[in-house]
Amino acid sequence: MNFSVTPIGYLETPFEAVAHMPIQPSVIASSRGKAVLYDEFAAGLKDLDGFSHIILLFLLHKIEGYQLEVIPFMDDVPHGVFATRSPKRPNRIGMSIVTLERIEGNVIHFKGVDMLNGSPLLDIKPYYYYFDNRQNVRNGWLEGKVLTAERLKSDNRFEN
């Protein structure tokens, strides 16, 4: 089955290249960005401003191709792509939980940027603490890893 997705807007961020950007929103939690919705989708923002966090789904638009085994930023050995958050995914969909600061018209201001400038925005979902928070979590191959600053920023390993 094939399907198509229509972007609802785009992201404005300080990062133009994959190398040296944070690999998760919590790495530079104070970094700021904007989600700019196209006018025809702006009405869908009604009541979103009551949430502290939102989930942004976006296209990893500067990544080409995919790999089923990758060496992720936080390790030195290969893992299956679905056991990582590598951008070299079959469908190139990125997901970030960010802090919603404010909404002005069709623009969402947020903190916790880990995406590239110009990334097509595919969807927005509110973060619900009661549904999205989990207890008794296992962290797979990441269990016990020391997450140093250099391992929390990307390099050029996934560039085209």
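Predicted model: local features only at pLDDT ≥ 70, side-chain atom pairs only at ≥ 80, totals over all residues.
Residues are numbered from 1 along each chain as its sequence is written, and side-chain values use heavy atoms, with hydrogens and water left out. Local features need pLDDT of at least 70 and side-chain atom pairs count only at pLDDT 80 or more, whereas totals for chains, interfaces and linings use all residues.

The protein has eight strands and one helix, in the order β-β-β-β-β-β-β-β-α from the N terminus. Both kinds of element are DSSP runs numbered from the N terminus: helices are H or I runs of at least four residues, and strands are E runs of at least two. Of the 160 residues, 37% count as buried, where buried means under 20% relative accessible area, exposed over 50%, and partly exposed in between (1.4 Å probe, protein chains only). Among contacts (heavy atoms within 4.5 Å) with a separation of 6 or more, 82% are between residues 24 or more positions apart.

Strand β1 (residues 9–12) pairs with two other strands, pairing being defined as at least two bridges found by DSSP. With strand β2 (residues 32–37), β1 runs antiparallel and is joined by four bridges; here Leu11 stands opposite Ala35. With strand β8 (residues 120–126), β1 pairs over two bridges, again in the antiparallel sense, and Tyr10 has Pro120 of β8 as its bridge partner.

Four aromatic pairs are found in the whole structure. Rings of Phe, Tyr and Trp (its six-membered ring) pair if their centres lie within 6.5 Å; planes under 30 degrees apart count as stacked, over 60 as edge-to-face and the rest as tilted. One of the pairs, Tyr10 with Tyr38, is tilted, at 6.1 Å centre to centre and 45° between the planes. Because Tyr10 lies in strand β1 and Tyr38 in the loop between β2 and β3 (53–59), this pair ties together parts that are 28 residues apart in sequence. Tyr10 is partly exposed at 30% relative accessibility, and Tyr38 is partly exposed at 34%. Another pair, Tyr129 with Tyr130, is edge-to-face, with 5.6 Å between the centres and 75° between the planes; Tyr129 and Tyr130 are exposed. Phe51, Tyr128 and Phe131 form one aromatic cluster.

Thr13, in the loop between β1 and β2, is buried, with a relative accessible area of 9%. A polar contact is a pair of N or O atoms within 3.5 Å; within protein, one must be able to donate a hydrogen and the other to accept it, and residues adjacent in sequence count only if both atoms are side-chain atoms. The Thr13 side chain reaches the backbone nitrogen of Asn117 at 2.9 Å, and one of its polar atoms lies 3.2 Å from the backbone nitrogen of Phe15. Beyond neighbours within four places in sequence, Thr13 is in contact with Val113, Met115, Leu116 and Asn117.

The largest nonpolar core has 22 residues, and Leu56, Ile108 and Ile124 have the most contacts inside it. Such a core is a set of buried Ala, Val, Leu, Ile, Met, Phe, Trp, Tyr and Cys residues joined through side-chain atoms within 4.5 Å. At least two residues of this core come from each of β2, β3, β6 (93–104), β7 (107–111) and β8, with β3 giving the most, three residues. Not counting residues up to four places away in sequence, Ile124 touches Ile8, Leu37, Leu45, Leu48, Ile54, Ile55, Leu56 and Ile108.
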